[in-house]
Amino acid sequence: MEEIAAKLQEKYGLRVFGGQEVGSRYELDTDSGTYYLFSCPAAYRSKAKFVGSVEQHLAKASAIHLLPSATTYQNEGYFLHDDKLYYVKQGVRSGSLANEAYVIGESLARFHQATASFTGEKSFRTFSSLGNWPELWRQKLKQFDEHRDQLDDQEEVTPFDEYLLTTYTYVSQLGDAAVQYLEDTGYTKKAKTPGKYGKVAFQNFDESFVFFAESGEQLVAGEWSWILDMRSRDIAQWIKSDIRRNGWDEQKVLAFLAGYTDVEPLAEEEFAWVYALLMYPGRFLKQVEMVRQSAEEEEEELEDMGDWEAKLDGELLAMEPVLQHFPRLVSNRYGAAIPALEWSLWNNS
């Protein structure tokens with residue numbers, strides 16, 4: 001963080017005294033007040049025209065506003081460091097919220113509602129994931145399968161390899177079940193025409209992308225993480241991120257869904273696609289790849305790389321309650337009859 005603090009002083013004239021991580025952002029305490037720092041891969045620079053186009057659309061059509069970005073001394077909206085793109089937002093004085101989960105759901109729905117009339121999607125197909133979930137998920141699962149197959153030919157097996165051998169069956173089955181679930185609930189056909197539900201989503205939505213000003217104004221940030229995709233993605237990612245931080249809280253999830261559906265109802269198949277996203281072990285697979293790459297690049301023994309096993313176990317265990325209870329929850333509250341996953345991978349491995 002010291003290097004980033006130095007960059008912030010160089011680029012923006014901000015002296016950073018401290019900060020804390022909140023979801024996908026850092027809240028910075030500076031000599032000019034509170035600022036928010038976001039980051040994403042440097043390659044996202046290629047989204048500049050897309051981001052600008054969506055920003056212009058929201059400025060004209062939206063009841064929800066984008067939190068303005070601070071600009072550097074060179075009048076740029078971001079800076080690059082160590083293959084990452086960083087951008088800065090000036091802090092807002094937050095209002096008190098009686099039911100934060102409800103208001104987050106409400107704000108997210110208004111964001112999606114505002115992007116439903118966006119007309120530039122044909123020009124930005126490069127940044128679209130519409131209809132691609134099964135293909136993308138299969139690719140990640142195939143990589144996982146290939147690594148598992150390579151272990152059979154290794155003379156030495158590391159503790160990390162042993163862990164993957166132990167968890168392989170249920171992770172693979174969970175991923176395959178998620179892909180099959182999408183196909184069985186009509187995703188491939190219906191996901192290509194989501195316009196009336198909103199056209200823009202976030203890569204990985206969480207609470208750090210929404211703000212509630214003391215004036216009552218609702219704002220969003222995270223524009224460099226925008227992608228053309230359906231709203232089910234953001235709904236599921238918020239549920240996942242909250243469970244990772246706080247554990248399964250049925251009332252909180254219900255409040256979030258209530259906030260969303262009070263603005264825009266969800267179709268039954270959308271609840272099913274949310275469930276498929278909750279089922280798919282995407283973060284687990286990503287963390288596995290990160291551990292592998294770190295070990296190879298830094299030539300470290302995995303025993304010296306921290307609590308990787310606890311993190312991976314935690315990812316699998318954290319999602320089990322929602323997989324068990326989400327279908328019942330949406331059936332009781334919304335009458336959405338989505339099939340449930342009838343077995344626990346952890347207990348039946």
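Does Glu183 count as buried, partly exposed or exposed, and at what relative accessibility? In this predicted model, Glu183 counts as partly exposed, at 33% relative accessibility. Its salt-bridge partner is Arg138, with the closest N and O atoms 2.3 Å apart. Arg138 belongs to helix H4 (residues 133-151) and Glu183 to helix H5 (residues 159-184), so the pair ties together parts that are 45 residues apart in sequence. Arg138 is likewise partly exposed, its relative accessible area being 41%.

A search of the whole structure identifies 17 salt bridges. One of them links the side chains of Arg245 and Asp242, at 3.0 Å from N to O. These two residues lie 3 residues apart in helix H7 (residues 231-246), a separation of about one helical turn. Asp242 counts as buried, at 2% relative accessibility, whereas Arg245 counts as partly exposed, at 38%. Through salt bridges with shared partners, Asp242 and Arg245 are joined with Glu207 and Lys252 into one network.

Arg25 is buried, with a relative accessible area of 7%.

Technical notes:
Residues are numbered from 1 along each chain as its sequence is written. This is a predicted model: local features need pLDDT of at least 70, side-chain atom pairs count only at pLDDT 80 or more; totals for chains, interfaces and linings use all residues. Side-chain values use heavy atoms; hydrogens and water are left out. A salt bridge is a side-chain nitrogen of Lys or Arg within 4 Å of a carboxyl oxygen of Asp or Glu. Buried means under 20% relative accessible area, exposed over 50%, partly exposed in between (1.4 Å probe, protein chains only). Helices (H or I, at least four residues) and strands (E, at least two) are DSSP runs, numbered from the N terminus.
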